[in-house]
Amino acid sequence: MRVMAQLAMVMNLDKCIGRHTCSVTCKQTWTNRPGVEYVWFNNVETRPGQGYPRTYEDQDAWRGGWRLNRRGRLTLRGGGRFKRLLSLFANPKMPSIQHYYEPWTYDYDHLISAPASDHTPVARPRSLISGEPMKISWSANWDDSLAGGPELIPEDPVLKKVSEEVRLSFEQTFMFYLPRICEHCLNPSCVASCPSGALYKRTEDGIVLVDQDRCRGWRMCVTGCPYKKVYFNHRTGKAEKCTLCYPRMEVGQPTVCSETCVGRLRYLGVVLYDADRVLAAASVPDEHDLYPAQLDVLLDPHDPDVIAGARRAGIPEDWIEAAQHSPIHALVKEYRIALPLHPEFRTLPMVWYVPPLSPVVDTLAGTGHDGEDIGNLFGAIDSLRIPVEYLAELFTAGDTEPVTAALRKLGAMRSYMRDLNLGRPADPSIPQAVGMDAEAMERMYRLLALAKYEERY
Amino acid sequence: MDQRPAGLDGPVSDLLLRTRRLLRPGKVSDDLRTITYQGGRAGDVFYRDRWSHDKVVRSTHGVNCTGSCSWKVYVKDGIITWEAQETDYPSVGPDSPEYEPRGCPRGAAFSWYTYSPTRLRYPYVRGVLLEMYRKAKASTGDPVEAWRSIVDDPAARRRYQRARGKGGLVRAGWDEAAELIAAAHVHTIRRHGPDRIAGFSPIPAMSMVSHAAGARFISLIGGTMLSFYDWYADLPVASPQVFGDQTDVPESADWWNTSYLVMWGSNVPVTRTPDAHFMTEARYRGQKVVVVSPDYADSTKFADTWIAPHPGTDGALAMAMGHVILTEFFVRRPTPRFLDYCRRYTDLPFLVTLRDTGDGFAADKFLTAADLDPAPGDPEKFKTVVIEEATGRPHVPGGSLGFRFGADNAGKWNLDLGGVTPRLSLLEHPGTEPVEVLLARFDDGSHTMRRGVPALRVGGQLVTTVFDLVLAHYGVARDRLPGRWPTGFGDPEPHTPSWQEEITGVPAATAVRVAREFAANAEESGGRSMILMGAGTNHWFHSDTIYRAFLALVTLTGCQGVNGGGWAHYVGQEKCRPVTGWATLAGGTDWSRPPRQMIGTAYWYLATDQWRYDALGADELMHPLGPGTLHGMSMADCLAKSARLGWMPSYPTFNRNPLDLAAEARAAGDDPAQYVTEQLRSGRLRFACTDPDAPENWPRVLTVWRANLLGSSAKGNEYFLKHLLGTDSAVRAGEVPPELRPRDVTWRPQAPEGKLDLLVSLDFRMTSTGLFSDVLLPAATWYEKHDLSSTDMHPFVHAFTPAIAPPWQTRSDFDTFHTLARTFSALAGKHLGTREDLVAAPLLHDTPDEMATPGGVVRDWAHGEVSPEPGVTMPKLIVVERDYGAVAEKMAALGPLVDTLGVTTKGWTVVPDKEVDYLRGINGEVRDGVAAGRPSLARDVDACEAILALSGTTNGRISAAGFRELEKRTGTQLADLAAGHEGTRITFADTQARPVPVLTSPEWSGSEHGGRRYTAFVLNTERLKPWHTLTGRQHFYLDHDWMHELGETLPVYRPPLDLQRIFGDETTGVTVRYLTPHSKWSIHSEYQDNLLLLSLSRGGPDLWMSPADAKRIEARDNEWVEAVNRNGVVVARACISHRIPAGTVYMYHAKDRVIDVPRSEISGLRGGIHNALTRLLIKPTHLIGGYAQLSFAFNYLGPTGNQRDEITVIRRRSQEVEY
């Protein structure tokens, strides 16, 4: 066992209101400068939808992340390292600017400076790449809130995997939001992709960074990252990515995206993991085993052996304590309601997601379930608008069981708390039905519902 | 399975990596996957440098979103770099989520404006006008004469008017721009009168000092401040109708206390972004959430149940829910809590007379003590009557309007029933007879229903209770009553669940289930069911009826005045918590009273000549059961009547200069009020609104600040351009034919184009308002000035603070208006001197004026039905002295009237003598001039201090004194609510340090006492203070004549207007309903031009439509389309989504024409804003005044600028666009 510490994040998608405050504050703080106009270290996607850059999750096309080769060894999907060295100068698997979006501005000045004429002045869009007038046809969030639905959503790679039967009709509408930053993976394929060794993972906290002095602009990291969260600054010729706001984190402030998240859905914390078990966990043959394997890599911070191991590894006492109080550990490992994003990429991502509940599909039928009534609870979860299969393709490589379990816990919590809210006696059978006790359920409730600042970060 | 040890790639690769591992400083992991470093990484210093900054300043955003979020503004090297939310709100308590962080992406993108190319850096004047002015000034040598010479020359005037909105702005210096503006003001006052000058600036809560500075200037010169809350259609007229209050709602943290939440036409994540988390989190506490929305709005994501009624039919669903609740919780199983609540806090037990129509009975007027008394006094006509259950005798409980005023009534204005139990229904009462009554319906051609009520003869009149009428109206059958009743929920008779299904498309079973759950939850939780309602239901023509049907649900179930329950209307940032101080400064009431305050909708309706195109006459709206007095009247006629009866304000008031009228009266040795009354009676003097197109009645000068009138709120935008401004427009409508023209209002053959002499605007960015302005002044942003912010959503006041000084030549609104005032005063001292101004003021709410119209019976002096008597049957006529040379001095000091007349809010008055002394101390004392010895208001910080010191929410002494005043009227205990904080005074520095919780105050109806969450009407339910209504209770029944005219005495369902029929629209093409809901990517037009938000959306105006409608016009996603109707043309790109219902398109509010709007194929002009397709429509019942809660107060009551009933034709256009 080799204990290491990792800063990790949980986003509770059930609370996400899709407002992109995180994106804007992050952009304003880090990337509102030339060369990275198109870059959003943090972005929010409407699902179903194509994502940013478009269809990035389709690794058959983009070749990001890892796969198991014929020998059962982990290899970069973009090709083994030899192959990549040989193709340094002609990397074909890069999203083009059109896959992100062609950034633009407007002739704002014309509004003020326009000479007298026959028409009201207007600010036309103009490309920030070519300087030419343009018709805007894609943006950082083009398919927001199901915009362009029937024409655009069928290209969602996740939706394609789920079923031919998901109909994009008014009656069956569903959507939710997926905010994304760099995953700061335990097994980062971007780091492994870099021919210059410019990408690295910080020993003390696991933050993945690009050394700006060492980067040579090969852009193999862009290909290597299956989440497409490493970007190319076309002015400096270097790669840039989310830094998990290390200048803030180092002084005890949460990341900008977390603190400014108006939905209060982001949690930050320390987890301890066994670095010796990472490769094995990333290499389990069955994709459905990746999520449990990833959980197994995380260590119990209360276990005396782990504490001893952490001390041996030079992890400071306050970090060990932080790991013991970590909301990440609670949500991921104890309550098991937070799931990894695309574990099948085999990078062991460290940003976790609580899946979202949604209304039941009963609008026009006139029947319905009382979502809080324990008698209907699980039936209601089975008829939620967001297909469980869709969530499973995002979070558990298609295994619906952990997603359903997480949603049931959320539903049970609501049912249990409704009794208390209305002054009825507590019903301990409700937490039991989802494998929890009342005390744990109430702790989970406080963490999710009250979500005090000090407990989120 | 053969499980070899995990590894990477293959052996060759391993070898390579192991070798390299030795050659470099980083640590390659043992398994060769990754590289780690520790410490000393110079390659990352870039990000550390970028994060460093010099200071962080607290400020906020003065935008009409109700957010009032406190922000950290970061500054580095004297440059604003970015912003992030403050997280230091005082705690809500250990068992609730907190208010942090408050703020959304729009606010987070604000600093982009500071240095953006759309920032206005210098004063601008239209080149053609500036040239004329310079020339005229050179030849006349006097600015006022120069202005006169320009506007007196029709050709010159038309020349610069025609150039409006077409570029050609040139830079001018501040001195010259201010002089031109001041000259126009002086000339207009002298020639036409001060009421021809108007100011428009909305929502004081979003930056109180910036609002008050301009309003103070306009008010002190006698100009007209235009209302906004009603004009924006954000005012729910049902609120004054039902509660006698403008709007009072729970703070968002109170959603947490709700156990059943219906979000009805309110897209909380989009429009209440900073507070949406309370809703998402309350679900974890077991709150059940129902969303009612015609599309799959963002709020729907959080629903347990989604209900999608057809747009505009929400009232039918609410009526059916009321039917279910009355049936199950009142008749089949009377619920003690609900019955008790209704007896105490509603008008349901009060008696209403029944009138024999000849064809059956109809409910008429409230029975009053005057009906029981052979020689009644005036107050008796406003004391309503119940039947006492124990004795069966009529009883006049305290608390009604007749107990509110006068020494005799001291201590009797309260809701204490003193052991009397009023009867809700007369059904079980001995001696009643079943009587068939006629009731109004609008869902089919029959118009009436016949149903029975139990009636009793009292004081010679046949009466029943409001409750019995309500049961009959909702169709809840009881034994022994005649008429046609639904046989059950499945009978499609009004107002059953099956009846609504045919109208709304919502399954009857769903309506039943939600109604039942809503009421059962209220019963179990003690009233913690809430309806959170928004623009989706409030922006319709008949929204007052929709809302009354909603309010019936929360009132019947005893949810109003309970934490976690009741109505939660959040449309517009109406709650300026330190309201008394703000109102004093903004109205200039410390120097002269009353200020001229006008209903915005009526003002624009006449000024932009939309009345000439309005085919919606009173007959379209009237109900056959009404007295028929509105028959044949146009809306302009209704306005004129409301004005002459003193119901609503009307400015410009007369067809003469009010300064000249006062002077003439004095010259004739007459009292000006008497003189004017006589002139009016004889017809020698006319109200300006009876001839809006006569040049002497035009508005002449308009200043707009903190607003984008022409790019956002102007319903009927193209009519504004055509008639008010006199420039190009895309109006396509024809004027109404002679038979639809007004009866009492003069129709001139030629509609004027270009009424306005001067349009001035202040802004920090370029909007349509700026594009069309004659003079454009560069404003400081929200990060460059001191000010105050508050909202209804949270209970704090907090500060704006400059992060940098105003850059370039920008100035704060405060400094700009003081600049204008100084320039004006210098010219006015010479040209105007001191004059008397005759102000016509309407009958006011919360004053004895409310008793001007006993029984709500309308009598018109112009028709000889009554004699003209100022302040009773017509407006009050008040002479105000204006020392025009001293306006600047008065603006900059707190005037003496606060010491003598005190400050008044909602009927109670306090003399702030100690506060005046205090303000002298901290602001300093003025040494010379008319304000010598008064506290200074020369700086924005001084104004902040004055607002805080003069208001009960921020000064415990004012609050306590106000409560003590109120106690004298109510006789109930109230002052203890302020006792704990009587010594507390919030200073401006406090608000800069951290958001400060406000104090419980009689300015509002809730209590924050003991850290409690604010919710409305707690003082009423817990302290028995009456509502400010006729009965003193929450009203189901409204008995004014005009409510009878429209058949709206009770909550009723009225369908959206059939504008296609009324206006005779073309029907060729694909016609769809046109909705303009609030946008995700902007706050009105603010931020819709912001590059960050444009990059996160579709980068310009788009029209959301269903795949079915897109198919009908053969448009694909992102193709250019045009939407056209009689009002104008919109050019936008199609955004096709299956979450939009077929038959309806959405253009999110507010799309200004400044960003990526090409020229239209249809008009040949630049495409219009979202409001290019809408127009103003006026509802006569919003014009009622002088009667109990139906009395005017500024932004409290008035016609709304509704905008949801509109339709449009959509078509795909050529994809080649020209700009």
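**Close-up 1. The loop that holds B:Trp808 in the predicted model.** In this predicted model, B:Trp808 lies in the loop of chain B that runs between β27 (796–800) and α28 (813–831). B:Trp808 counts as partly exposed because its relative accessibility is 39%, a value that falls between the cut-offs of under 20% for buried and over 50% for exposed. Together with B:Ile79 and B:Tyr115, B:Trp808 forms a nonpolar patch on the surface, and the three residues have about 270 Å² of accessible area together.

**Close-up 2. Strand β14 of chain A and its pairing partners.** Strand β14 (residues 351–354) of chain A is covered on both faces, with A:Val351 and A:Tyr353 buried on one side and A:Trp352 and A:Val354 buried on the other. Strand β1 (residues 3–12) of chain A runs parallel to β14(A) and is joined to it by four bridges, and within this pair A:Met9 stands opposite A:Val351. Strand β13 (residues 339–340) of chain A pairs with β14(A) in the antiparallel sense over two bridges, where A:Pro340 has A:Trp352 as its bridge partner.

**Close-up 3. The interface of chain A and chain B.** In the predicted model, 152 residues of chain A are in contact with 154 residues of chain B, and the area buried between the two chains is about 12400 Å², of which 54% comes from carbon and sulfur atoms. Across this interface 14 salt bridges are found, and a salt bridge between the chains joins the side chains of A:Arg264 and B:Glu100, with an N to O distance of 3.2 Å.

Key
Residues numbered from 1 in each chain as written. Chains lettered and ligands numbered in written order. Predicted model: local features only at pLDDT ≥ 70, side-chain atom pairs only at ≥ 80, totals over all residues. Heavy atoms only, no water. Patch = residues over 30% accessible without salt bridge, like charges linked within 9 Å, V, L, I, M, F, W, Y side chains within 5 Å. Areas by Shrake-Rupley, 256 points an atom, 1.4 Å probe, with all protein chains shown as cover. Salt bridge = Lys/Arg side-chain N within 4 Å of Asp/Glu carboxyl O. Buried < 20%, exposed > 50% of the residue type's maximum accessible area, 1.4 Å probe, protein only. Pairing = 2+ DSSP bridges. Contact = heavy atoms within 4.5 Å. Buried area = accessible area lost by both parts, 1.4 Å probe.
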